[in-house]
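The structure is shown first.

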Amino acid sequence: MKRPPAIDPTTHALFLDFDGTLVELVDDPNEVALAADRIERLAEMTDRLSGALAVVSGRRIADLDRFLAPLAFAAAGVHGLERRRRPEGEIEFLMQPEALDPVRDAVAPTLEANQRLRLEDKGTALVLHYRTAPDLAEAAKSVMRQAVAGRDDLVVMEGDNIVEVHPAGMDKGKALADFMAAAPFVGRIPVYLGDDTTDEFALKIVTDMRGIAIKVGGKESVAEYRLADVADVHHWLDVCGI
Ligand SMILES: O=P(O)(O)OC[C@H]1O[C@H](O[C@H]2O[C@H](CO)[C@@H](O)[C@H](O)[C@H]2O)[C@H](O)[C@@H](O)[C@@H]1O
């Protein structure tokens, strides 16, 4: 396992995935938690990086704000379909929730029949969770694939014990590249930390940009560097040089 190098607060920009990177994975998506001192540390790092720190998540930005309260951070939410370039800025929504109404209708009977599946409606994305019902994984994936059949404006994306449908054309890599094109990120070298398959889009872009791509955990990755788990991420954030 190759440990990441030190970070220079004057030349790097830091992008952090949320679930599985900053917070431990748990059964109930509403029950994740980050200790207050860890949130303070992120704010301190934001200051040292002159604002060049963003959370890049599959979560809605409103949900990230709830978990990171009382502070707020620059963020790309729902894999980039929501954007906020500065902590105090407005959230931009790149798609409207109505696009997913036919998918909501299509999955409703499966949810009714399989009540151990959990639907997370993020407005611009719909997620079926099967962490507590692994035997229903195939049913969840199948209903989502069928719901988008013939719709080239929607994609199915799989994550850690979830299957998600959202509008096509966006992923964490594209979101990161857009952030890197404008202040306060432009001109810096990107550093990205993420654990899941959906983070590979960003880890690839960062590798192409000759940045520092850091995979959290043991899954296969394009990333050059590794951290073992969430605890190791927080240890590294404390010693990384920012
Ligand atoms: O991009 P991320 O910040 O890693 O968000 C990815 C998804 O995170 C959440 O689901 C994951 O975490 C849950 C809580 O630990 C867990 O129960 C689930 O199995 C994981 O996949 C979130 O609920 C999703 O909307 C995000 O897309």
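## Overall form

Of the 242 residues in the protein, 41% are buried. The model is a predicted one. Its secondary structure consists of seven helices and 12 strands.

The radius of gyration of the protein is 18 Å, and a compact globule with 242 residues would have a value near 18 Å, so the two agree. Along the principal axes, the C-alpha atoms occupy a box of roughly 55 × 35 × 30 Å. Among contacts between residues at least 6 apart in sequence, 55% join residues that are at least 24 apart.

## Domains and their contact

The domain assignment divides the protein into domain 1 (12-94 + 171-239) and domain 2 (97-167). Taken over C-alpha atoms, the centres of domain 1 and domain 2 are 24 Å apart.

Where the domains meet, 14 residues of domain 1 are in contact with 14 residues of domain 2. The side of domain 1 that touches domain 2 comprises five nonpolar, five polar and four charged residues.

In soluble globular proteins, nonpolar side chains tend to be buried together. In this model, the largest nonpolar core has 65 residues, and Leu14, Phe15, Ala54, Leu176 and Tyr192 have the most contacts inside it. Helix H6 (residues 200-208) makes the greatest contribution to this core, with five residues. This core lies between domain 1 (12-94 + 171-239) and domain 2 (97-167), because both give residues to it.

The contacts of Phe15 can be listed individually. Leaving aside residues up to four places away in sequence, Phe15 touches Ala54, Val56, Leu176, Pro190, Val191, Tyr192 and Ala202. Among these partners, Ala54, Leu176 and Tyr192 are, like Phe15, named with the most contacts inside the largest core.

## Ligand site

Which residues come nearest to the ligand? Of the 22 residues around the ligand, these are Phe18, Asp19, Pro29, Ser57 and Gly58. By class, the shell around the ligand contains seven nonpolar, seven polar and eight charged residues.

Notes:
Residues are numbered from 1 along each chain as its sequence is written. This is a predicted model: local features need pLDDT of at least 70, side-chain atom pairs count only at pLDDT 80 or more; totals for chains, interfaces and linings use all residues. A residue is near a molecule or strand if its C-beta atom, placed from the backbone, lies within 6 Å of it. Ala, Val, Leu, Ile, Met, Phe, Trp, Tyr, Cys and Pro count as nonpolar, Asp, Glu, Lys and Arg as charged, and the others, Gly among them, as polar. Helices (H or I, at least four residues) and strands (E, at least two) are DSSP runs, numbered from the N terminus. The radius of gyration is taken over C-alpha atoms; the globule rule is 2.2 Å times the number of residues to the power 0.38. A residue is buried if 20 or more other C-beta atoms lie within 10 Å of its own, exposed if 12 or fewer, and partly exposed in between; C-beta atoms are placed from the backbone. Two residues are in contact if their C-beta atoms, placed from the backbone, lie within 7 Å. Domain bounds come from an automatic or database domain assignment. A nonpolar core is a set of buried Ala, Val, Leu, Ile, Met, Phe, Trp, Tyr and Cys residues joined through C-beta atoms within 7 Å.
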